[in-house]
Amino acid sequence: MHIPDGFLDTKTIAVTSVLAAAGVSRALRNVSRRSDPRQIPLMGLAAAFVFVAQMLNFPVLGGTSGHLLGGVLIAVLLGLDAAVVVMTIVLVVQCLLFADGGLLALGANIFNMAVVATVAGYTVYAGVRRVLPAAYGRFVGAACGAWASTVLASVCCTGELVWSGTVAWELGIPAMSGIHMVIGAGEAVITGLVLVALTKLRPELLDAGSPGSAAAAGTGWKDVLIHGSLLTIALALFVAPFASGWPDGLETVAAALGFDARALSAPVLPAPVADYRVPGIGSLPVATALAGVIGAVLVFGVSLAVFRAIQPKSLPRRQE
Amino acid sequence: MRGDFLDRYSSLRSPVHRAPAMLKTLSALGVMLLIVALPPTSPLPFAGIALLLLALLLASRVPPLFIAKRILLLEPFVIAVGALALLQSDGLVRFAWIALRSTLSLATVLLLSNTTPFADLLAVLRRLRVPAVFVNTLAMMYRYIFILSDEMLRTLRARRSRTFARRNARSWTLLSSVLGQLFLRSAGRAERIYQAMIARGWQ
C-alpha cells in the first residue's frame, strides 16, 4: 500500500502532507507532554522491531506469504500516540533507505498507514474491549482493529489515487479494498497471535504498570474530537465525493442555479472518471462496501471463536 | 547480517557525497516536485532530468548496477498500482507516464540515500525544525535495526535447529511467538539503553 512517487498530483500531495503533519504533530505533542523519558528508546526500539518484523514472512496458501504491518499491535502495546509516531518513523526509514513509498508521497503514506490506520484500528480495538471486557477480548479487539486498519488505509489510499486522476473509483475500490480485506485478515490473525504469545511469555506486560497501560490510561474528549475530525476529513475528502452521488448533486445544484456544470467541475474537482462508464461495473463499489460489512462481521465472529479457544490457560485464573 | 544492507554506498568519497546534505535533500525534493508537476505532454524535460540523474550517479561512483537492481526490486509495486490505470480510457498512455514519473522519482530517492549518510539526513531534519523527540527516535531506530534483525535471525535459526519439519498450521503460532519474543527483547533492550543513557548523564 506504499504509494510510490508519480501517482499523486501536487494538490493531493499538499493536502495529505498537511493532514499527516497535523496527525503526527498531535501525537508527538501528546508523547512529549507525557514526558516519560523512557519513551524515546522504547519508541525507537519499537520502530526497529516493526521494521524487522515486517521482514518475517508468514506462509500463506499457494506459496505466497504475508507479513505483519504492526500499527495496531504497537498501539495496543505502547499506546495510540506512541504508535502513530512509531509507524511514521518506520515509513520515513522505508522511504529514505529502501525507497519503498515515495518521498513526495510520504505525507499520503503516513496519513494512510500511520495516522488513519492506527487511529481507526485503535478505536475499533477500544470499542471491542468495551463490549468484551473478558481477557480474551483484547485479542479479539486487536484482531478486529488490525483488519479495520488495513481496509480503511486501503480505502484512503484508493481515494487519493482517484483524486489524483490515476485510477478510476469504479475499478480502484473493488481492486484495492478487495485485496486488502484478505490481507487484513492475515494482519488480524498475526496481531492476535503475537498478543497471545506475549501474554503467555509475560502475562503482566499487558496489565497495569507496563508501558502498555499508558494506552488504557486516557483518551480524553479532546483526543476523541481530533481523531474524529481527522477521520472525517479523510472520508469527506477521499471517499465521499466518489462513493455517494455527491458530484452529481453538486452538478444538479449548479444547473438549478444556472451555472455551467462543466465550468464548475473542471477546477474544483478535476473529475478524472466523469465520463468513464462500463456497463455493469457501476455497482461494484456498492458490492465492495457490502463485502466489507460482511467481512467485518466475519472477522469479528471468527476471531471471537478462535481467540476464546486458544487464550492462554493462565488468564481466567488471574482474572478472579 | 551485514550492518550496511540498507544504504551500503552512502559513505563513499566523491564530489556528490561531499556536497552539503541540505543542498542535496532540497534539490532532490525540487527535482521530484518538477517530475510530478511537469505536464505530461512532452518527454523532453523528463529526458533532461534522467540525464542529470545519470550524470550525478556516474560522478558519485555508486555502482550503477546496484541502483538499477534496487529500481527493479521496487518496480513491481509501481506496476501493480499502475495496472489499475491501464483499465481506463487511454490507459496505456496514462500508465506509461506514471511508470516514467515513478521510476525517475525512485532513482532520485535512491541517489539521495546512497550519497548521503543517514546521520547527515537526520541533521537536515534537525535544521528543518523537526521536533527533537521525532529525530531522536528516528536516530535510535536506525541504530538498532541491524541489531534487532540479527536477533531475529538468531531466534529463527535456533527455532529451525530444534524443529524438523515446518507445517503451515503450526508455523503461524511459531512465527508469532518469535515476534512476541523479539518484542520483549526490544522492550528489554530499550530499558537497558535508558539506564545507560541516565548513567551517562543524559538530560
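**View 1. Domains of chain B.** In this predicted model, chain B is assigned two domains, with domain 1 spanning residues 15-125 and domain 2 spanning residues 131-199.

**View 2. The side of chain B that touches chain A.** Contacts between the two chains involve 61 residues of chain B and 57 residues of chain A. On the chain B side, two or more residues each are contributed by helix 2 (21-37), helix 4 (64-86), helix 5 (91-115), helix 7 (132-162) and helix 8 (168-199). Helix 8 of chain B supplies the largest share, 19 residues. Classified by residue type, this side of chain B comprises 40 nonpolar, 17 polar and 4 charged residues.

**View 3. Packing of helix 2 against helix 5 in chain B.** The axes of helix 2 of chain B and helix 5 of chain B approach within 10 Å and cross at roughly 175°. Because angles over 145 degrees count as roughly antiparallel, helix 2 of chain B and helix 5 of chain B are described as roughly antiparallel to each other.

**View 4. Residues joining helix 2 and helix 5 of chain B.** From helix 2 of chain B, the contact includes Lys24(B), Thr25(B), Ala28(B), Val31(B), Met32(B), Ile35(B) and Val36(B). Their counterparts in helix 5 of chain B are Arg101(B), Leu104(B), Ser105(B), Thr108(B), Leu112(B) and Thr115(B). By class, the residues of this contact between helix 2 and helix 5 of chain B are 7 nonpolar, 4 polar and 2 charged.

Notes: Residues numbered from 1 in each chain as written. Chains lettered and ligands numbered in written order. Predicted model: local features only at pLDDT ≥ 70, side-chain atom pairs only at ≥ 80, totals over all residues. Contact = placed C-beta atoms within 7 Å. Helix = DSSP H or I, 4+ residues; strand = E, 2+ residues; numbered from the N terminus. Nonpolar A, V, L, I, M, F, W, Y, C, P; charged D, E, K, R; others polar. Domains from an automatic or database assignment. Axes fitted to C-alpha atoms, helices over the stretch in contact; angles between N-to-C directions. Parallel < 35°, antiparallel > 145°, perpendicular 65-115°, else oblique.
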